[in-house]
Every structure is written in structure tokens, then in C-alpha cells.
Amino acid sequence: MIRLMEQRKYWYILSGALLLVAVVSLCVQGLNWGIDFTGGVMFDLHFDKPVTTSQLRSALSPLGLGESDITLDQKDASVAMVRTRVIDEETRVKVIAAMTEKVGKLTSEEVHLVSPSIARDLINLAFLAVGIAFVGMLLYITYRFEFKAAVTAIAALFHDAIITVGLFSITQMPVTSTFVAAILTILGYSINDTIVIFDRVRENLKFRKKEGLYEVVNTAITQTLTRWTNTTVTTLLAIASVYVFGGRTTRDFALALIVGVACGAYSSVFVASPLWFDWKLREERRRGIVAQPLTAAGARAARGRVLGPAAAGAAAGGGATTGAVGARAGVARAAGGPAAQRAGGAKGKAGKGGKGGGKGKGGKKGGKGSRKRR
Amino acid sequence: MQERSLAAFLAIVVLVAAVAYCFVGPTPFLGAPLMGRLNLGLDLKGGTHVVLEAQDEAGAPVTKDAMKQALSIIRFRVDSLGVAEPIIQQSGDRRIIVELAGIEDPEEAVKLLGRTAMLQFKDEAGNVIITGRDLQRAEAVLDRTNQAVVTLKLKPDAKKRFADATTANVGKPIMIYLDQDLVQAPTVEEGNIEEPMITGYEKLESAQNVAVLLNSGALPVPLKIVENRIISATLGQDSINKSKVAVIIGIAAVALFMLAFYRVPGLIAVFALLVYILILIGLLIGLKAALTLPGIAGIVLSVGMAVDANVIIFERIKEELRWGKTLRAAFDAGFRNAMRTIIDSNVTTLIGAAVLFYFGAGPIRGFAVTLSLGILTSMFTAVVLTRLLLNLLVRAGLIRSGRIFVKV
């Protein structure tokens with residue numbers, strides 16, 4: 001039985017490390033902003049033979065463009081990207097002419113001009129649109145689930161966005177308007193994935209509440225694990241194909257999607273769920289009571305389901321701090337490390353009976369012979 | 001009941017196969033394969049993409065009327081370029097997007113579009129004799145010496161004015177301005193000229209461009225080129241070829257995985273996937289949406305995600321079977337519970353897409369459209385179609401036990 005929630009400390013550390021790397025790279029290197037965001041002219045030149053940056057630079061200098069950004073394609077030295085400030089039509093024509101005369105014959109060329117005003121609009125619109133989309137999703141998830149679920153789901157989105165942007169910062173891949181599309185796709189996939197898991201948690205909360213919060217979340221994840229793996233595999237298979245077989249122009253986009261989708265899948269299980277769990281745990285510990293009463297019917301419903309070792313931790317923790325029956329009347333088997341520690345050395349069997357004495361509900365539990373046998 | 005269900009199932013399969021064929025092969029009632037009707041984006045077919053922005057002038061702010069006028073002037077100019085299927089749209093309050101495929105001299109064409117084209121004839125003293133508004137028609141012709149000239153037919157009331165001006169200015173130059181640039185300053189040789197001429201063009205083509213400009217009329221507001229992309233057709237073709245391979249392999253990989261993991265239900269899921277792709281392409285063709293390179297990658301991604309609904313359903317059915325339900329009960333419960341999951345997760349994503357569509361522009365909006373279409377279509381094919389087919393198979397007796405699921 002997989003005990004993902006128990007190990008959430010490690011997931012937090014991993015996520016923290018990834019986020020740190022991303023942020024550090026952003027602060028140190030920043031992003032390689034394409035002309036879609038800064039304005040300027042971009043020449044995409046395909047020569048009939050490999051060329052060098054110095055050739056290109058000496059062809060550009062007489063036009064006053066010697067300082068321009070020149071990069072050669074990593075895999076094909078006959079493909080060059082030249083990026084200049086905004087220049088007029090005459091100069092652009094002169095650049096192409098200079099290339100043909102001084103560097104080599106062009107098999108094809110592309111010229112992209114973006115003025116700073118359009119670039120600025122793109123940035124503003126992108127942020128505005130994403131911001132409002134977040135708010136919209138927050139409202140819907142709160143309506144269908146609860147506020148905590150909405151916040152943790154969106155937090156997972158931020159996590160994915162920062163890491164993907166960090167990837168662009170580390171690799172210095174040029175940031176174009178397709179980059180915006182990539183980020184949006186990743187966020188869409190990630191939220192979709194997260195909600196599927198939350199939906200199962202919601203269902204388990206309804207029918208297995210008494211098993212304890214830990215059990216609810218852990219089981220939810222375990223139950224959806226196959227689906228989680230399969231969907232991630234099919235999606236990555238599809239995108240990997242684009243990365244490997246698609247052309248040069250989609251390579252960066254596909255790489256961003258691969259990393260982003262993997263990140264989005266990871267965050268649904270290892271970020272959003274544990275965060276929600278911890279937050280919910282804190283709330284329930286504070287309240288010290290369970291939302292739903294423990295009933296015999298509920299226990300019968302729980303039978304026949306796959307039950308895992310419960311986190312008496314949750315129960316014990318509640319008991320230790322509030323003196324109440326850790327609202328987790330559920331299965332109070334020894335859960336292992338964390339549980340034992342939280343119970344402050346309580347014995348493996350979170351003595352349900354003993355704790356039960358603290359509350360009226362204990363009586364009911366006392367009657368459950370089957371429980372005690374555990 | 002058994003035979004009817006089997007027949008219905010087979011009928012659906014045949015229907016889908018027929019529709020699929022219509023996309024890739026010629027048919028008597030549709031003509032060429034439907035795939036040919038798919039509108040390709042500029043990055044795939046090559047061409048020019050220009051965005052013109054109207055600028056406020058002192059005392060002449062950009063108004064809705066001005067934009068309407070500017071739009072029709074631009075249309076006129078684009079038409080004269082003789083490009084097949086140009087795209088001319090207004091974007092926002094003050095931008096016009098023009099997309100032209102296959103132009104020989106794109107930079108020249110763009111210049112043509114953006115020029116204000118304000119014509120003025122002035123005398124030495126600076127008095128305006130005639131302007132573009134007095135022009136009836138401009139024409140580019142070759143004169144007796146085979147030189148390219150632009151003849152200007154003036155409106156009746158302007159003819160007299162011009163004739164008088166030439167008479168009054170014999171021996172003196174008359175200045176011809178186009179957009180405040182001095183184009184020519186010929187000396188008037190004789191008076192009473194009713195049809196002025198602008199001479200000295202190197203190529204007939206240049207003269208023709210000017211004629212088009214003058215005939216289209218002067219733009220009511222100056223247009224600035226804020227975005228200009230010249231995209232190569234050869235690169236586009238290369239991208240198309242590579243994309244075809246990527247798409248086929250990507251879909252094949254997903255299909256193989258589903259078959260391997262889910263066997264017979266997996267086959268149904270792959271079939272539903274085929275229908276999904278057909279519907280998606282059909283929608284794109286119907287909406288005349290342009291397919292761009294990121295769009296292709298997006299579609300491949302959506303294929304990987306479209307199976308998600310099927311995976312959710314199948315896994316749920318497996319669970320219900322494991323909990324001891326009968327095949328029919330497991331199916332029903334599986335679909336029902338899975339629906340709830342699918343709807344919640346998809347609606348959340350759709351909300352995001354809707355917002356992006358409303359607030360976004362250009363590429364962001366296009367992305368929102370494909371994402372929304374993909375989600376809605378996959379909800380239909382994965383839920384409605386798969387359920388229908390599986391039910392038919394069960395009723396036809398071809399799926400008898402839950403072992404078809406749990407065995408995996």
C-alpha cells in the first residue's frame with residue numbers, strides 16, 4: 001500500500017528545490033525574451049551551406065547593425081537567426097541583400113517585425129487573461145469543492161508555471177507568443193489532472209470520512225493512480241512524438257509541453273493533494289471534531305473497501321492536542337512512524353477505546369467488537 | 001435484440017469509416033478530399049502577415065468611421081494585388097490585420113498598404129491646385145516613348161481649375177506631392193492642360209502601384225506598421241511534412257498504448273479517438289479556422305488528453321467490478337461516477353479557456369478556441385460514443401463478462 005501522504009515532506013522539499021532553482025535562474029539569467037515581447041526585427045535565414053556568426057556580423061556592420069544578436073541553430077549551422085532593433089523596410093531589404101552578397105545564397109528567409117507597442121499589449125493581455133482565468137477557476141472550484149481545494153489547486157498551477165518558466169530561463173530558449181500558448185496548455189492540463197484527484201477525495205470524504213483524513217486522501221490517490229499514470233503516459237507519448245519528429249520550429253514548444261505536462265501531473269499528486277491535506281488537517285485539529293458523526297451504517301459501508309493503515313497520526317494528533325477523540329473514528333491501526341511520534345509514544349494500536357472514553361461517541365465505538373479486535 | 005445491437009454497432013463503424021474516407025479520398029458529391037479544405041495558417045503556407053495601427057493626429061483622433069473607411073481602402077489596395085484569399089480584419093479599436101499568401105515582393109506590398117497616399121499639386125507659391133479628392137481615376141500607361149507614366153483623369157470641376165492653373169504658370173514648375181514627399185516638379189510647357197501626368201517611373205509596376213494608391217483614396221488616418229512577418233513558403237512546406245509524421249506517430253503511439261492496456265474497451269476508445277479527430281478537423285474546416293504549427297502540436301496534445309476521459313471511465317468500471325457489481329451495474333455506476341469527475345475537471349479548464357478567449361487576442365484566442373473545441377468534442381466522443389458502443393456490444397452479447405476489464 002503506497003503511503004504517499006506520509007512522505008509528503010520529501011515532495012515539499014523536491015518542489016521547493018525545483019522552485020528555488022527556477023527562481024534563482026530567473027534572477028540571475030532572466031529569460032531570453034523574443035521580439036514578440038521586446039519588439040524588434042527577427043531574420044530567420046536558411047543558407048545553402050554552414051555559416052559562422054562572424055561572417056554574418058561583418059555583413060551587418062556596414063549597415064550599423066553589427067551589434068545585433070546573432071545565433072546559429074544548434075543542430076544545423078546553415079540556419080541563422082539575426083535579431084535587430086526595429087528597422088525600416090529599406091534597411092531590411094539591404095540586410096537580405098548583404099546576406100546574399102557577403103555570406104551565401106539563401107534557400108529561404110523569414111522576416112518578422114514587431115513594434116514595441118504590440119509587444120507591450122501582448123504582455124499586458126497575457127497577464128490579465130491568465131489572472132482572470134485563475135479567479136474564474138478559483139470561484140468554480142470553491143463552489144464545487146471548497147475554498148481550500150481551490151487555493152491548493154491554483155497553488156499547484158503557480159508551481160507548474162514557475163518551474164516551466166524556470167526551464168526557459170535555464171535553457172535560454174527564446175520566449176515567443178507560442179511560449180504563452182505552451183504555458184496555458186500546461187496550466188489547463190494541470191488543473192484538469194488536479195481536479196480528477198480532488199473529485200475522488202471529495203467522494204471518499206462522503207463515504208469514508210470516518211477512516212480519517214489521511215486515509216481519505218491516501219486512498220483517493222491510490223485509487224486514481226492507474227488513471228493518473230495512464231493519462232500522463234498517453235499525453236507524453238503524443239507530445240514526445242512532436243518533439244522527435246516535428247520540425248525545428250516546434251521543438252522548443254514540444255519540450256516546454258513535455259516538462260510542463262510532467263510537472264502538472266506531478267503537482268496534482270505531490271503538491272496540491274498534500275497541501276490540501278495539511279491545511280485541512282490543521283483546520284480539523286483546531287476544530288477538534290469531525291464533520292460527520294460516526295455511525296454504524298458508515299462503518300458497514302467502509303467494510304469491503306480496501307482499507308489501508310490509517311494515520312492514527314491524524315487521530316492521535318487530534319487526541320493529543322485537544323483531548324478529543326481524534327475525529328478519526330476510523331481504522332485506528334498502527335500507522336507507523338509519524339503516527340507513533342505524534343501520539344507521543346502511544347502504542348501501535350491507537351487505543352481507540354481509551355481515547356474514546358474522552359467523548360460521548362466513545363460509547364458507540366466501545367460497542368464495536370470488531371474494532372477492538374484490531 | 002442481439003442482432004439489432006450488433007447491426008447498430010456495425011452500422012456506426014461503417015459510417016465512421018465512410019466519413020473518414022471522405023477526408024482523405026475523392027468523392028463524387030464532395031469532390032476533392034475534405035482535408036484540402038483545411039485552412040492553413042501563414043506559418044504553414046508562407047506569406048505576409050501585417051498589422052497596421054491607426055495613429056491619432058493632432059485634431060484628428062481615430063474614429064469608428066475613420067477605421068471603416070481605412071478598412072475599405074485597404075481592401076481595395078489588397079484586391080489590386082491580386083492575391084488569392086487575402087485576410088483583412090479589424091482587430092480592436094485601431095488595428096487592421098492583413099494576411100496575404102504568396103506575394104512576390106512582400107516588403108513592397110506592405111509599403112503599398114500602409115501609405116496614406118495624399119496627393120497634392122501645388123504651385124510655386126505653395127497654393128494647392130488640386131488634391132487627391134479631385135481625382136476621378138488614375139491609370140498607369142506606357143507613353144509614346146515607352147516610359148511608364150500615371151495619367152490622372154480629374155473630376156469635371158477640377159479640370160477647369162487645373163487648366164487655369166497651368167495657363168497661369170507657364171514656364172514655372174508645379175510641385176507634385178505624394179504624402180508630403182515631393183515626387184516631381186515639372187515645368188509647365190503649355191497652358192490649358194486638363195489631364196495631368198506623373199512621369200519618370202522606372203517600371204510599369206511602380207506606376208501601377210501609385211495608380212492603385214491614388215484610386216483607393218487617401219487614408220483618413222495615418223497607418224503605422226506595427227507588426228510585419230514575412231514567412232517563407234518552403235519552410236512552411238517542410239513544417240507540414242514533418243508535422244504529418246509527428247501527428248501520425250503520436251496518434252499511433254497513443255492508440256497502441258490504449259489497445260495494449262485496455263484490450264477490447266481500448267479498441268473502442270481508439271475508435272472514439274478516430275471519431276474525435278474527424279470531428280475536430282471538421283470543426284476547424286467549418287469554422288474556417290487557420291491551422292498553425294502550434295495548433296498542430298496542440299491538437300496532438302489534445303489527442304493524448306482526449307483519452308483521459310476514457311481512462312477515467314474504464315478505471316472506474318474496473319473498480320466497480322472489483323467491488324462486486326455485475327457487468328451492467330458496473331458499467332452504469334462506472335459511467336455515472338466518471339461523468340461527475342470528467343465534467344468537473346473539464347468545466348474548470350473550459351472556464352480558463354473562456355476567459356482567455358474573451359480577454360486574449362491573436363494567438364491566445366486561437367489557442368482558447370482549439371482547447372475548448374478539443375475538450376467539448378472529447379467529452380462527446382469519450383462519454384456518449386463510448387458508452388453507446390460498449391452498451392451495444394454488451395447487448396449484442398460480444399462482451400459478456402467483466403473479465404474484459406479486470407483481466408488487465
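How far apart are the centres of domain 1 of chain A and domain 2 of chain A, taken over C-alpha atoms? The legends below describe a predicted model, beginning with the answer to this question.

**Figure 1. The two domains of chain A in the predicted model.** Domain 1 of chain A covers residues 5-32 together with 119-286, and domain 2 covers residues 40-114. Taken over C-alpha atoms, the centres of these two domains are separated by 39 Å. Chain A contains 15 helices and 6 strands. Of its 374 residues, 48% count as buried. Among the contacts in chain A with a separation of 6 or more, 75% are between residues 24 or more positions apart.

**Figure 2. The two domains of chain B and the overall extent of the chain.** The domain assignment of chain B gives domain 1, made of residues 2-41 and 232-406, and domain 2, made of residues 47-230. The C-alpha centres of the two domains of chain B lie 53 Å apart. The secondary structure of chain B consists of 11 helices and 13 strands. Its radius of gyration is 32 Å, whereas the globule rule gives 22 Å for 408 residues, so chain B is more spread out than a compact globule. Along the principal axes, the C-alpha atoms of chain B fill a box of roughly 105 × 45 × 35 Å. Of the 408 residues of chain B, 41% count as buried. Where contacts in chain B join residues at least 6 apart in sequence, 70% of them link residues at least 24 apart.

**Figure 3. The interface between chain A and chain B.** In this view, 60 residues of chain A are in contact with 57 residues of chain B. Several elements of chain A each supply at least two residues of the side that touches chain B, among them helix 4 (89-103), helix 5 (116-144) and helix 9 (248-287). Strand 5 (106-114) of chain A is also one of these elements. By class, this side of chain A has 31 nonpolar, 22 polar and 7 charged residues.

**Figure 4. Strand pairing between the two chains.** Strand 5 of chain A is joined by 4 bridges to strand 12 (residues 223-231) of chain B, and the two strands run antiparallel. Within this pairing, A:V114 stands opposite B:E227.

**Figure 5. The surroundings of B:V355.** B:V355 is found in helix 9 (residues 327-359) of chain B. This residue is buried, because 21 other C-beta atoms lie within 10 Å and the cut-off for a buried residue is 20 or more. Not counting residues up to four places away in sequence, B:V355 touches A:A129, A:I132, A:A133 and A:G136. B:D65 is 290 residues from B:V355 in sequence, and their C-alpha atoms are 30 Å apart in space.

**Figure 6. The loop that holds B:D123.** B:D123 is placed in the loop between strand 5 (119-122) and strand 6 (128-131) of chain B. It counts as partly exposed because it has 17 C-beta neighbours inside 10 Å. Leaving aside neighbours within four places in sequence, B:D123 is in contact with B:I129, B:A165, B:N169 and B:I174. B:I174 is 51 residues from B:D123 along the chain, yet their C-alpha atoms are separated by 4.9 Å.

Figure 7. Where pLDDT is low, the predicted coordinates should not be read in detail.

Note on methods: Residues numbered from 1 in each chain as written. Chains lettered and ligands numbered in written order. Predicted model: local features only at pLDDT ≥ 70, side-chain atom pairs only at ≥ 80, totals over all residues. Rg over C-alpha atoms; globule rule 2.2 N^0.38 Å. Buried ≥ 20, exposed ≤ 12 C-beta atoms within 10 Å, placed from the backbone. Contact = placed C-beta atoms within 7 Å. Nonpolar A, V, L, I, M, F, W, Y, C, P; charged D, E, K, R; others polar. Pairing = 2+ DSSP bridges. Domains from an automatic or database assignment.
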